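Q: Could we go through this structure together, beginning with the ligand and then turning to the pockets?

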Amino acid sequence: MQQLAIFGGTFDPIHWGHLLIGETALHQVPVEQIIWVPSLNPPHKQAALFEHRVAMLQQATQDRPGFTVSLIETNRSGTSYAINTLIDLSAAYPKTHWYWIVGLDAFQTLPHWYRGHELAQMCDWLIAPRLLGGETIAQSELICKQVEQELINQSVSIRWQLLHIPLVGVSSSLIRQLIRVRQSIRYLVPEAVRLYIAAHNLYSK
Ligand code: ATP
């Protein structure tokens, strides 16, 4: 059975934090591919045009065998829910053991995702620790255990592990904010992404 990992996100825009997470996952677990899935209509977020987000994602990942960008979300209308992504990808890649990559902030809310209890049990979870309120790796582990306990209390079992990445404070919102105040985003995103943003005048207002 093949093993694949899904990395879903808004990627508005993709940054080095995302790429480091994907790279770490490729090395830490025996997956053949990381499938990057930009969400078309993310819940709770307004994002730049899907076409722009996809173009930046493709440019940032094209040199890395093992990274694939999936446009599976374009086949669906309405809000992009993770469970639908997994169901659709399972049809496209049958006989697959799935991992799902997620940041700590998003993982904390998993019990409240649409059909989150079902989704929790359908794949293994790879959690990227994230600097939220000055968390250390030990605190990240504690937070994950609390999420696991919350699910167990509702008779849901979950398999998870932390990704061994250095804590990185970069986020897409930081990048958008820097652009708005005309500060440099060099070294926060791949150079091709920086040039794409400048060429299309993204995020400046
Ligand atoms: P925004 O700042 O707009 O909320 P983001 O930087 O969180 O965006 P997303 O595309 O929403 O980017 O993230 C996709 C996934 O990657 C989410 O699960 C998020 O938690 C995780 N993630 C993003 N950046 C980091 C980071 N620096 N460290 C750990 N996880 C991250």
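Predicted model: local features only at pLDDT ≥ 70, side-chain atom pairs only at ≥ 80, totals over all residues.

Q: How far is a backbone N or O atom of Gly103 from an oxygen atom of the ligand?
A: The distance is 2.8 Å.

Q: And which side chains have polar atoms by the ligand's oxygen atoms?
A: Arg130 has a side-chain N or O atom 2.9 Å from an oxygen atom of the ligand. For a polar side-chain atom of Arg176, the distance to a ligand oxygen is 3.1 Å.

Q: How much of the ligand's accessible area does the protein cover?
A: On its own the ligand has 600 Å² of accessible area, and the protein covers 91% of this. Such areas come from the Shrake-Rupley method with a 1.4 Å probe.

Q: Which residues come nearest to the ligand?
A: There are 22 residues around the ligand, and Lys45, Gly103, Asp105, Ser172 and Ser173 come nearest. A residue is near a molecule if one of its heavy atoms lies within 4 Å of it.

Q: What classes of residue are in that shell?
A: The shell has 9 nonpolar, 9 polar and 4 charged residues. Ala, Val, Leu, Ile, Met, Phe, Trp, Tyr, Cys and Pro count as nonpolar, Asp, Glu, Lys and Arg as charged, and the others, Gly among them, as polar.

Q: Where does the ligand sit?
A: The ligand sits in the largest pocket, meaning that more than half of its atoms lie within 2 Å of the grid points of that pocket. On a 1 Å grid over the protein atoms alone, a pocket is an open set of points where a 1.4 Å probe fits, with protein on both sides within 12 Å along at least five of seven lines; lining residues have an atom within 4 Å of a point.

Q: What is the volume of the largest pocket, and what lines it?
A: Its volume is about 1200 Å³, counted as the space filled by probe spheres set on the points. Of its 44 lining residues, Gly8, Gly9, Thr10, Lys45 and Ala106 are the closest to its centre. β4 gives the most to this lining, with 4 residues; helices (H or I, at least four residues) and strands (E, at least two) are DSSP runs, numbered from the N terminus.

Q: What about the second largest pocket?
A: The second largest pocket holds about 220 Å³ of space. It is lined by 13 residues, and Ile179, Gln183, Ile197, Ala198 and Leu202 are the closest to its centre. α8 gives the most to this lining, with 3 residues.

Q: Changing topic, which residues does a cis peptide bond join?
A: Asp12 and Pro13 are joined by a cis peptide bond, with omega about 0 degrees. Pro13 lies in the loop between β1 and α1.

Key
Residues numbered from 1 in each chain as written. Heavy atoms only, no water. Polar contact = N/O pair within 3.5 Å; in protein donor to acceptor, adjacent residues only side chain to side chain.
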